[in-house]
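Trainee: I would like to go through some labels and the cut-offs behind them. Please take the aromatic residues as the topic.

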Amino acid sequence: MRAPLGRINNMDNKSNSSKNHRGGLSNGVTISELRKKFVTGEYTPLQAVNDALALIKEKDGEINAFLDVYEDALEAAKEATERYKKDGDKAPALLGVPIAIKNNILIKGRKATGGSKILENYTAVYDATIIEKLREAGAIFIGSTNMDEFAMGSSTENSAFGPTKNPYDPARVPGGSSGGSAAAVAMGAVSAAIGTDTGGSIRQSASFCGLVEFKTTYGAVSRYGRMAMGSSLDQAGPLTNCVADAQLLHEVMAGKDKMDMTTISDDTYPEVPIKDKYTIGVPRGFLKSGVDKDVMEKFESTIKVLVAAGHSVVDVELPLFEQGLAAYYISMPAEVSSNLARYDGVRYGLHVEGKDLLEDYMKTRAAGFGAEVKRRILLGTYVLSAGYFDAYYGKAEQVRNMMRAELAGVFKKVDLVMTPTTPAPAFKIGELSDPLSVYAQDIFTVPVNLTGIPAISIPMGTVEREGKSLPIGVQYMGPHGGDARLFALGKLVYDTSLS
Ligand code: GLN
């Protein structure tokens, strides 16, 4: 039996009180556990949806994970319950499983706000491809989750609809921008939620809320129907209680899509073999840039467990990763400024009347966007302007290419690279007021999006802060197309510790 690498309920059990404030349906319940019970009829989708709705009613007043709750999910739950009676284990893989969806992913007929006032009353007119796929697999959408406006942020404090609180300590943030999705799972309302990751949003939120998160190789999951933030960085992914569930959801969502020309097929990258034992690189130089002492201690003990389990852990050099944040905060706002041009008061959502068309645009955007979104549009427009394009945007894109090349060299020597997911545990709501210190939270996650590689974040225990046990995560990165390898490692080191 392998030593647990980090299930938060198993590790640190002396001080961990996470079980106590989780409750209800999911309380760490996995999709496969739910599925088994649905098949035998010991527990039904109808009970699951009822329990989820009750738990949301009880806890979400405080947590604010949900922007909308779909009471009519009960209809789908009734149908799913009947279908299990007929089809048993032949029923689709996710039949009757309640799932929460980040509010920048379109579900036809539901409000899609992107966490922004500018879309406060906007209703989606079509389903995102991943929604179609999840629906086909039988998932039941229970509600939409809160998020930083248009996914810009690391704390969910940038939502136009108030911050989400971390279920482990409501004085703290759940991470962001997928904080609502993370809190929805961590508070026990659902076994899984879908988030989006442009620079680490899902990994960081999962890490702050003690969950597993998977960010796929760029292009493996369709972006059609997902509000664009940085199109060359954006990917949707699952937040779950175990790696097997993340894999299941990912496999349902993945695949080439004629509606998204950037989607890749299975043979785009050379096969990345699955092994029993891996060589894992640690970029020690990169970690020097300010990791919290307690987080570093947990990281070192995670390495020891890996070594004891027969993997080899070696030092690697990734000096360009240190430029990741700088490159990200140029490339990303450039793409943001262009993607958000569509919110002009004519095509979608809010419209504020001015004396002419130009004034309509200006008044609508001034009233509809929050401060962080405006900051990034300004920055993005600046770095793309004729006089500065080469100096900023062009340079950042060069750095991205060089980072890719540097990584390719490292992946010739090691199978995976590992870092803590975040430099520190969840911070307090309102604690980080200047944007730069919030941006610094993304230091370990942005290189993954910039280079398009896959990564998984897995809980690595908790650290104590003011009498509360706060979860933290470890991130494993794989080469392009190495998604299956990350699931294999994750199941070896994490899921085996859950049983
Ligand atoms: N925190 C990062 C940002 O604000 C990443 C957010 C995301 O992945 N959506 O850009």
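**Aromatic pairs and a surface patch**

Mentor: One aromatic cluster is formed by Tyr122, Phe150, Tyr343, Tyr348 and Phe369. The model is predicted, so local features need pLDDT of at least 70, side-chain atom pairs count only at pLDDT 80 or more, and totals for chains, interfaces and linings use all residues. Residues are numbered from 1 along each chain as its sequence is written, and side-chain values use heavy atoms, with hydrogens and water left out.

Trainee: What makes Tyr343 and Phe369 an aromatic pair that is edge-to-face?

Mentor: Rings of Phe, Tyr and Trp (its six-membered ring) pair if their centres lie within 6.5 Å; planes under 30 degrees apart count as stacked, over 60 as edge-to-face and the rest as tilted. Tyr343 and Phe369 are 6.4 Å centre to centre, with 85° between the planes, which is edge-to-face.

Trainee: Why is the pair of Tyr382 and Tyr392 called tilted?

Mentor: The ring centres of Tyr382 and Tyr392 are 5.9 Å apart and the planes are at 45°, so the pair is tilted. Tyr382 is in helix H13 and Tyr392 in helix H14 (helices are DSSP runs of H or I, at least four residues, numbered from the N terminus).

Trainee: Why does Tyr382 count as partly exposed?

Mentor: Buried means under 20% relative accessible area, exposed over 50%, and partly exposed in between (1.4 Å probe, protein chains only). Tyr382 has 37% relative accessibility, so Tyr382 counts as partly exposed. Tyr392, at 32%, is also partly exposed.

Methods
Helix = DSSP H or I, 4+ residues; strand = E, 2+ residues; numbered from the N terminus.
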